[in-house]
Amino acid sequence: MTKPRQDLAWRIGGPQGSGVDTAASLFARACAIGGLWLFGRREYYSNIMGRHSYYDVRVAPWELTCHRSTVDILTSFEPETLARHALSVSEGGAIIYDASEADTPLHRIPFLDERVRQDLSCYLEARGLACSPAGLLAAARLREIHTYAVPFDALTRTLAGKLQISQAAVGRTLNTAAVAVSGALLGFDPQYLWRALTKVFAGRARLIEMNQQVVALTYDLVQETWPAQDLPFRIVPQESHQQRLLVNGNQAVALGKLAAGMSFQTYYPISPATDESVYLEAHESFPSLDGDEGSVLVVQTEDELAAVTMASGAALTGARSATATSGPGFSLMAEGLGWAGINEVPLVVTLYQRGGPSTGMPTRSEQGDLQFAIHAGHGEFPRLVLASGNIQEAFYDAAQAFNYAERYQMVVIHILDKALASTTQTLPPFDVSSIRIERGAVQASSVATSANGSYARFSPTRSGVSPRALLGQPAGMHWLTGGEHTSHGRVTEDPVVREQMMEKRAQKLALAAQEIPPDEKLKVYGAPYAAFTVVSWGSNQGAIREALRLLETDGIYARLVQIRLLWPFPVDELLPLLERASPLVVVELNFSGQLAHLLREHTGRESDFLVLKYNGRPMSGQELYGAFGHIHAGHAEPRIVLRNPYE
Amino acid sequence: MATATTPQPTRQDYHVEYPNDWCPGCGDFGILSAVQQALAALQLLPHQVALFGGIGCSGKAVYYLPTYGIHTLHGRVLPYATGAKLANPDLTVIAIGGDGDGLGIGAGHFVNTGRRNVDLTYILFNNAIYGLTKGQAAPTLPLGAQTKSFPEPTIQGAINPLMLALASGYTWIGRGYAYHVRHLVELIQRAIRHPGLAYLDVLQPCPTYNDLHTKDWFAGKDLAAGQARLYDLEQEGYDPVIPAGADDKMVFDKMTQCIAKAHEWGERIALGVLLENHTLSSFQERLGTRLKSYRQAPPARRTIANALGHPTTGLSALFSELAVT
């Protein structure tokens with residue numbers, strides 16, 4: 001037998017509301033406790049109960065940066081999961097399914113999309129197989145996939161008898177049983193699942209004990225039913241003394257904001273941004289290291305018009321203030337961005353992109369808002385646009401955004417996307433001590449105001465930045481207006497003052513472009529001097545890095561230039577990198593190649609290849625490895641669209 | 001250093017030398033004067049006050065006071081004002097806007113601000129038309145009315161802002177008249193002193209575009225001799241107060257009484273305080289119960305870094321919650 005593979009992709013699916021997330025958390029937590037690194041991906045519908053959701057947990061003894069398109073183990077309780085994902089199981093992998101559901105015809109699975117049903121029917125008919133999970137299982141066995149029919153009904157009865165509890169109560173532990181089936185088949189020591197249960201159900205002793213018994217009994221059943229284990233995968237725990245976090249993107253942003261001292265956040269409920277604000281509200285009070293208590297005030301507003309304007313009102317008093325939203329909400333915020341722009345308000349807007357336009361695909365991922373984030377609002381005003389490539393960056397960028405907002409007195413738009421928001425990873429702890437808080441120029445309270453009693457809030461300076469006076473501060477009174485204004489905030493339509501103010505505000509953007517360190521503008525991964533150059537932004541980073549590693553095993557060297565500061569566009573830092581880029585490949589999770597357009601607009605350089613994906617799902621390293629391979633081999637079209645019909 | 005005695009502000013301290021571009025005879029002048037007098041009478045210093053304005057002629061009022069004056073976006077005056085008040089509860093926050101601003105484009109904020117009972121005062125300049133865009137029908141203009149700038153009578157009905165304020169949860173509801181300045185000064189002071197959300201509707205003649213609701217009309221010149229259209233509720237013995245701890249019956253009776261007065265229009269129009277409800281906690285009180293540090297360290301005053309710029313937010317509990325083991 002060959003050495004078991006240790007990079008394992010495990011998928012569990014089921015109707016929303018049936019505990020898929022809990023099962024995945026249990027599996028993920030157990031692997032993490034076992035010292036492994038993991039990357040968790042969550043896919044779900046805009047629905048509360050019933051629609052199909054699934055969760056991928058990829059584990060390995062080394063750090064992982066993305067999911068895999070194909071999985072090694074598929075765990076299902078019902079026919080829909082099996083139907084949707086059977087073709088994504090890799091050769092030699094395994095499908096765990098409910099023995100009683102295998103014969104459900106595909107047309108009897110209510111939420112299975114017509115397109116999927118038709119494709120699968122064609123696939124099965126061509127092989128002379130039944131149009132049911134049983135047919136898919138037969139096809140899977142032809143691809144050397146192991147299939148395990150778990151008698152979940154019988155298991156429930158056995159567990160109910162042994163645990164002396166009702167079948168209904170046992171029914172609620174079936175997710176645990178399903179995870180335990182996987183664990184047993186993978187030779188994973190059950191003590192890790194037991195330990196994970198104490199964390200997942202922390203504080204609920206009875207629940208922990210019952211679930212631990214379910215794990216033990218399920219392990220016994222698996223060993224009796226399938227005594228000879230021939231799966232080419234194993235979960236081998238690793239010795240690890242390193243403290244690590246199991247954290248998702250929404251949480252990382254919230255933690256970064258808290259570390260930065262944010263004390264006011266507004267939001268209107270919207271996927272996939274809401275979880276961040278809910279997490280903040282759940283952790284709204286905390287100790288302050290100076291001995292006092294601290295808190296963040298989270299306000300759920302009536303809409304995003306109120307969210308952006310209320311956050312601006314708070315920012316005027318000196319509070320570090322932010323709002324978090326997604327595309328439809330960001331559309332409503334456009335007017336508020338302009339007001340903050342002309343009044344030089346330090347405001348952070350966290351933008352979680354999702355599939356657009358309009359309602360689009362609320363729970364799916366896309367990078368469709370780059371150009372919109374850069375241009376949202378009428379007229380011209382400076383703003384910064386940062387995009388994080390992974391969870392670590394999301395934490396540090398969320399914190400740094402406030403420094404930039406206050407230093408340059410402008411709106412900072414921090415872009416993420418649904419995939420990054422819902423990705424869960426094991427990570428080394430965030431280094432709060434590396435964060436420095438800079439409040440920017442604020443007018444001292446004691447300074448006398450001018451003869452007319454008001455403070456020249458927008459007085460001209462060389463840098464373009466004028467010290468702010470905070471609402472309520474003695475001797476700082478001034479006016480603010482959405483109109484063009486004088487240095488005291490008086491409305492003016494004078495042509496000369498208009499020019500001065502436009503120039504003052506624009507000057508701040510030039511200052512930011514000059515001061516922001518190069519590694520916060522862009523990062524280079526892979527072979528730094530390779531000609532094969534991939535340019536991308538946002539959460540594709542992890543998948544591209546994996547693709548580069550795979551290429552390297554083929555002896556192909558390439559590099560990734562990840563643009564982190566999208567506005568002002570880092571032209572000076574990019575130009576030398578583009579000089580020897582050949583081919584120049586731009587990778588984006590959108591239809592039109594928005595970054596490629598920016599690149600051409602600002603550097604004059606057109607991409608040689610565009611690799612795009614716009615089905616609402618994130619890219620995998622595997623997919624990109626394939627695309628880059630074609631490009632390298634010289635037989636790729638200039639526009640490559642990544643497609644996967646079964647995700 | 002010698003302790004400076006706090007200067008007692010006078011009405012003159014609330015005067016600003018700045019050219020005013022309202023039309024001659026505009027009702028806004030009366031309201032502005034009343035705001036200036038009320039702030040001086042409350043002995044507030046200009047830096048303690050933040051005046052937020054909406055878009056329209058009314059919103060320009062912020063330019064004519066020496067306080068912090070924030071001219072916001074059309075319809076959004078309340079969320080801006082709310083953000084500032086919640087972040088710095090020491091500020092006296094007043095929001096000013098017109099009927100189109102508050103009841104048309106900003107109606108969602110008008111209603112939802114009522115749910116929060118934030119301690120701020122909202123003064124709505126109610127002239128039933130959009131003045132700055134030259135006289136279109138505003139949400140308070142009655143169905144079928146036609147002012148001189150309309151090609152046809154309006155076929156959209158009117159909102160009753162007092163009833164909407166009541167339904168939305170405003171805990172202080174009053175109405176004044178732009179030219180009854182002395183009465184208005186008193187109403188504004190009461191609205192500001194009220195420890196919750198106050199809505200003050202001010203009937204404001206627009207001499208340029210509203211030829212229906214004119215100074216003469218409000219004076220009752222079209223009515224039988226000696227009959228006044230506007231009357232003061234207080235002089236009729238009306239009691240608007242719902243004391244803390246009032247029972248459901250009393251709350252219901254006071255609200256019904258408020259609706260009855262708000263519904264009056266035409267020959268008799270009530271001025272004064274229609275409702276003063278002390279049974280609801282303010283948003284700041286609610287926050288104070290939830291966030292232990294809110295009172296002594298509200299968002300605007302929280303220390304977030306030490307002298308070296310290191311964050312002072314204690315995150316260790318959050319990190320252990322997320323720790324793998």
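1. How far apart do the C-alpha centres of domain 1 of chain A and domain 2 of chain A lie? These centres are 35 Å apart, in an assignment, with bounds taken from an automatic or database source, that divides chain A into domain 1 (8-225), domain 2 (246-434), domain 3 (441-516) and domain 4 (520-641).

2. The model is predicted, so that local features need pLDDT of at least 70 and side-chain atom pairs count only at pLDDT 80 or more, while totals for chains, interfaces and linings use all residues. Residues are numbered from 1 along each chain as its sequence is written, and chains are lettered from A and ligands numbered from 1 in the order in which they are written.

3. Between the two domains, 13 residues of domain 1 of chain A are in contact with 10 residues of domain 2 of chain A, contact being defined as C-beta atoms, placed from the backbone, within 7 Å. On the domain 1 side, helix H1 (20-33) and strand E2 (37-43) of chain A each supply at least two residues, and E2(A) gives the largest share, with 6 residues.

4. Chain A contains 22 helices and 24 strands, these being DSSP runs (H or I, at least four residues, for helices; E, at least two, for strands) numbered from the N terminus.

5. Along its principal axes, the C-alpha trace of chain A spans about 90 × 60 × 45 Å. Of the contacts in chain A with a separation of 6 or more, 75% join residues 24 or more positions apart.
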